[in-house]
Amino acid sequence: KQWYQRRVRGEASLKTGSNDKIQQSQFSLSEQFLELLNFAARTLIVGGRLVYWLPVIRDLYSSSSIPQHPVFTLKYNCEQTFSKKSARRLIVMVKTKASSEEDCAHIVGDVKCHGQYRELYFGKN
């Protein structure tokens with residue numbers, strides 16, 4: 001639940017022990033992965049690895065739709081197929097340099113394969 005919480009004032013934080021009011025907001029799946037990469041860029045040591053599962057709609061997936069960050073290099077990208085329609089990809093990234101204030105996570109390709117995963121997977125076809 002902490003990933004879905006943003007502070008009303010100040011920047012997003014995982015700490016919930018302060019007196020700031022917490023506002024619940026709905027993140028898209030793509031936004032959650034961008035937040036994850038930005039957090040990992042700030043906290044991991046150089047040489048550290050970030051490993052996560054990325055759910056995708058197989059027909060819409062391309063390697064350019066993997067979230068990227070300037071301080072990370074993609075090491076592994078392995079698919080685990082669930083069905084003809086969906087899969088999840090094991091993404092392993094290595095932090096190759098120190099993070100700076102200007103560095104920010106981004107997605108180059110189409111985010112529809114995971115950004116709207118829930119709607120596309122459970123929606124009517």
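This is a predicted model: local features need pLDDT of at least 70, side-chain atom pairs count only at pLDDT 80 or more; totals for chains, interfaces and linings use all residues.
1. Residues are numbered from 1 along each chain as its sequence is written, and side-chain values use heavy atoms, with hydrogens and water left out.

2. Val71 is placed in the loop between β3 and β4. Setting aside neighbours within four places in sequence, Val71 is in contact with Ala41, Val94, Lys95, Thr96, Lys97, Ala98, Ser99 and Asp103, where contact means heavy atoms within 4.5 Å. The C-alpha atoms of Val71 and Asp103 are 7.7 Å apart in space, although the two residues are 32 residues apart in sequence.

3. The chain has three helices and five strands, which follow one another along the sequence as β-β-α-β-β-β-α-α. These elements are DSSP runs numbered from the N terminus, helices being H or I of at least four residues and strands E of at least two.

4. Three of the strands form an open sheet in the order β3-β5-β4, with antiparallel pairing; two strands pair if DSSP finds at least two bridges between them. β3 (49-57) and β4 (72-81) stand at the edges with a single partner strand each, so one side of each has no neighbour in the sheet. From one strand to the next the twist averages 20°, with axes taken as lines fitted to C-alpha atoms, for helices over the stretch in contact, and angles running from 0 to 180 degrees between N-to-C directions.

5. β3 pairs with β5 (residues 86-95) over nine antiparallel bridges, and Leu54 has Arg89 in β5 as its bridge partner. Helix α1 (residues 29-43) packs on the sheet and touches β3, β4 and β5, its direction making about 170° with that of β3. β4 and β5 are also paired in the antiparallel sense over nine bridges, with Cys78 opposite Leu90 in β5, and a hairpin of four residues joins β4 to β5.

6. What does the largest nonpolar core contain? It has 17 residues, of which Leu50, Tyr52, Leu54, Ile66, Phe72 and Met93 touch the most other members; such a core is a set of buried Ala, Val, Leu, Ile, Met, Phe, Trp, Tyr and Cys residues joined through side-chain atoms within 4.5 Å. α1, β3 and β5 each supply at least two residues of this core, and α1 gives the most, with five residues.

7. A search of the whole structure finds one aromatic pair. The rings of Phe33 and Tyr52 have centres 5.2 Å apart and planes at 35°, so the pair is tilted; rings of Phe, Tyr and Trp (its six-membered ring) pair if their centres lie within 6.5 Å, and planes under 30 degrees apart count as stacked, over 60 as edge-to-face and the rest as tilted. Because Phe33 lies in helix α1 and Tyr52 in strand β3, the pair ties together parts that are 19 residues apart in sequence.

Methods
Buried means under 20% relative accessible area, exposed over 50%, partly exposed in between (1.4 Å probe, protein chains only).
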